Amino acid sequence: MNLTEIQKALREEGLDGWLFFDHHHRDPLAYRVLKLRPEREPTRRWYYFIPAVGEPRGLVHRIEPRMLDALPGAKLPYAGWEQQLQGLRTLLEGCSRVAMQYSPRCAVPYVSMVDGGTIDLVRELGAEVCSSANLIQVFEARWNQAQLDAHLKAAAIVDEIRREAFAEIGRRLRNAEPGSEWDIKEFILKAFANQGLVTDHGPIVAVNENSADPHYEPSRERNRDIRANDWVLIDLWAKVDAPEGVYYDVTWTGYCGSAVPDRMAKVFGIVTRARDLAVEFVQQAVASGQPPCGYEVDDVARGHIREQGYGSQFVHRTGHSIGREVHGAGANMDNLETHDERRIIPWSCFSVEPGIYADGFGVRSEVDVFVDETRAFVTGEVQREPVVIAV
């Protein structure tokens, strides 16, 4: 835990402190920010308060008195609920504005980890509960050089595996070999394992109407064959299997035939233009020293798709934060599912992936964008034309 940096961030946010709380490991963010790795699963509630100035302090149950021993500061013991209430009052004494893993109206669900009853309890003790969303960005979504290097390594490998996957579809078609969405998914997962990459689930391999379902994923029991004249969407994400591993996540589309049908080519062009406009908007804003908010990036991509008459067929946010999890805890490019007012911060990464899901097929074009203090750049290959899969 970097206490100095946390307290500096609290003062910059105008907060009196940051109250961490957990019960049965419900808040993984707390453990990561605090660098806390307890020897056992907590079965009783613990609290840890970091003031903007001064020594941190904790509250632990007498049954699990050593739960916070790895963290600095005195730890008050409690057993009964009355002692717990008094101990929490002592932790928060003199504080009026306190950050917690809370998001008003659950606007940022990745941060909304603390239950409503605990929020009520802290408020009853006289403290205003403020969202820790901006703080979480700083201490969870911000990468270091090793993570960026690991991401770029994963990008090069995943891009090559993506090329091989489309080539494998064509090889099977030309040789009249069986080939389904499931077969190509297994092909990709085997390639990941061979290259030292890991993933939490996926990938998505979706043909025709299945590609119009943004989160379709084939299974052994539910999949369809890939044939000539089929439209294919592949969304794949992975990271190096190492402590510094962070995800690389991209989506490409292709057509099994020599000439992409006009309606597919048209939608592809609209989607990729929306993607490029959003990336350019971020690049210009970062270069000017005014990084945008997540919702502003979504507005750019969504605005273009609406202008082209497909607004109702773009049914998800423009992009998501990327980190140790493929959907990270930083700013999302979102003004649809949520109104994400968090600014993109230096040394963070996110996807830009507009999509149009039409009758019988879907197009999504996804790139990853990394931002530092002065620039924003796409970290991998950018699809400019549909992949033409020779059959």
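This is a predicted model: local features need pLDDT of at least 70, side-chain atom pairs count only at pLDDT 80 or more; totals for chains, interfaces and linings use all residues.
C95 is in none; its nearest cysteine sulfur belongs to C130 and lies 11 Å away. A disulfide is a covalent bond between the sulfur atoms of two cysteines. C95 is buried, at a relative accessible area of 15%. C256 is buried too, at 0%.

Next, the nonpolar interior. In soluble globular proteins, nonpolar side chains tend to be buried together. Here the largest nonpolar core holds 31 residues. V282, F350, V369 and V371 have the most contacts inside it. At least two residues of this core come from each of α8 (262-287), α9 (294-307), β12 (348-352) and β15 (367-371). Helix α8 gives the most, with ten residues.

Leaving out residues up to four places away in sequence, V369 touches V279, S348, C349, F350, V352, A376, F377 and V378.

Now turn to helix α7, residues 181-194. Its 14 residues reach 20 Å from first C-alpha to last, close to the 20 Å expected at 1.5 Å a residue. Which residues of α7 are buried? They are E181, W182, I184, K185, I188, A191 and F192. The buried residues of α7 pack against helix α6 (145-174). They also pack against three strands: β7 (197-198), β8 (204-207) and β9 (231-240). Just after the helix, G196 adopts a positive phi of about 75°.

Technical notes: Residues are numbered from 1 along each chain as its sequence is written. Side-chain values use heavy atoms; hydrogens and water are left out. A disulfide is a pair of cysteine sulfur atoms within 2.5 Å. Buried means under 20% relative accessible area, exposed over 50%, partly exposed in between (1.4 Å probe, protein chains only). A nonpolar core is a set of buried Ala, Val, Leu, Ile, Met, Phe, Trp, Tyr and Cys residues joined through side-chain atoms within 4.5 Å. Helices (H or I, at least four residues) and strands (E, at least two) are DSSP runs, numbered from the N terminus. Contact means heavy atoms within 4.5 Å. The expected span of a helix is 1.5 Å times one less than its number of residues.
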